Amino acid sequence: ERERERERILKLLITLNVEDSSRFPAVIDYYLFVLFVFFVQKVDETPMKRYDLVNEVNSRATFALARAASAVMKEQGYGHIITMSPPIDISRVKGKVAYCISKYGMTLVAHGLGEELRGSGVAVNALWPATLIESAAVVNHGVGGKGHWRTAQIMVDALLQVYIYIYIERERESNTKLYSII
């Protein structure tokens with residue numbers, strides 16, 4: 001029942017889909033996409049319904065919301081979009097194809113949109129930890145153990161470093177796709 005309700009809420013968020021930037025506030029300084037579905041199974045054990053959900057929430061929602069936020073940011077001449085997605089590494093795909101497709105889709109949004117917005121004052125970055133972060137996803141799925149997890153504070157620290165790099169040092173025009181491995 002809880003899983004069904006969670007899926008309903010996620011689908012509702014995606015259905016909103018923000019087809020145009022008029023649904024966004026007039027000014028957006030910073031957009032951080034952290035919502036994601038974690039699902040790790042072999043291809044033959046992955047129901048298509050689960051495949052669709054993981055891709056709707058991870059790559060499709062990232063694309064839709066980044067598209068809408070970037071329109072506002074481009075118009076205002078500044079802004080910063082960050083997605084939590086990994087560097088593409090094909091050697092890590094075995095046993096989690098659906099999840100990797102969805103997360104790598106998020107990474108491609110960061111790379112592609114960053115290039116499209118180069119010189120506009122809008123930066124697009126992807127951030128990914130080098131280790132597990134304690135979260136409901138890793139705890140509920142039994143990924144690693146408490147001794148392997150870092151706290152979410154390390155992600156906050158990394159985001160602050162990205163913010164300092166982009167804004168305080170005025171490097172927005174570089175639009176680099178940082179992979180702060182922490």
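Among contacts between residues at least 6 apart in sequence, what percentage join residues at least 24 apart? The value is 74%, where contact means heavy atoms within 4.5 Å.

This is a predicted model, in which local features need pLDDT of at least 70 and side-chain atom pairs count only at pLDDT 80 or more, while totals for chains, interfaces and linings use all residues. Residues are numbered from 1 along each chain as its sequence is written, and side-chain values use heavy atoms, with hydrogens and water left out.

The protein has 5 helices and 5 strands, taken as DSSP runs numbered from the N terminus (helices H or I, at least four residues; strands E, at least two). Their order along the sequence is α-β-α-β-α-β-β-α-β-α.

Let us turn to helix 2. A bend of about 40 degrees occurs at E56, this being the angle between axes fitted to the seven residues ending there and the seven starting there. After helix 2 comes G77, with a positive phi near 85 degrees.

Next, the core. In the largest nonpolar core, of 15 residues, the members touching the most others are Y31, I81, L113 and V124. Such a core joins buried Ala, Val, Leu, Ile, Met, Phe, Trp, Tyr and Cys residues through side-chain atoms within 4.5 Å; buried means under 20% relative accessible area, with a 1.4 Å probe and protein chains only. Strand 1 (30–33), helix 2, helix 3 (97–116) and strand 3 (122–127) each supply at least two of its residues. Leaving aside residues up to four places away in sequence, L113 touches A66, S70, I81, L108 and V124.

Definitions and conventions. Buried means under 20% relative accessible area, exposed over 50%, partly exposed in between (1.4 Å probe, protein chains only).
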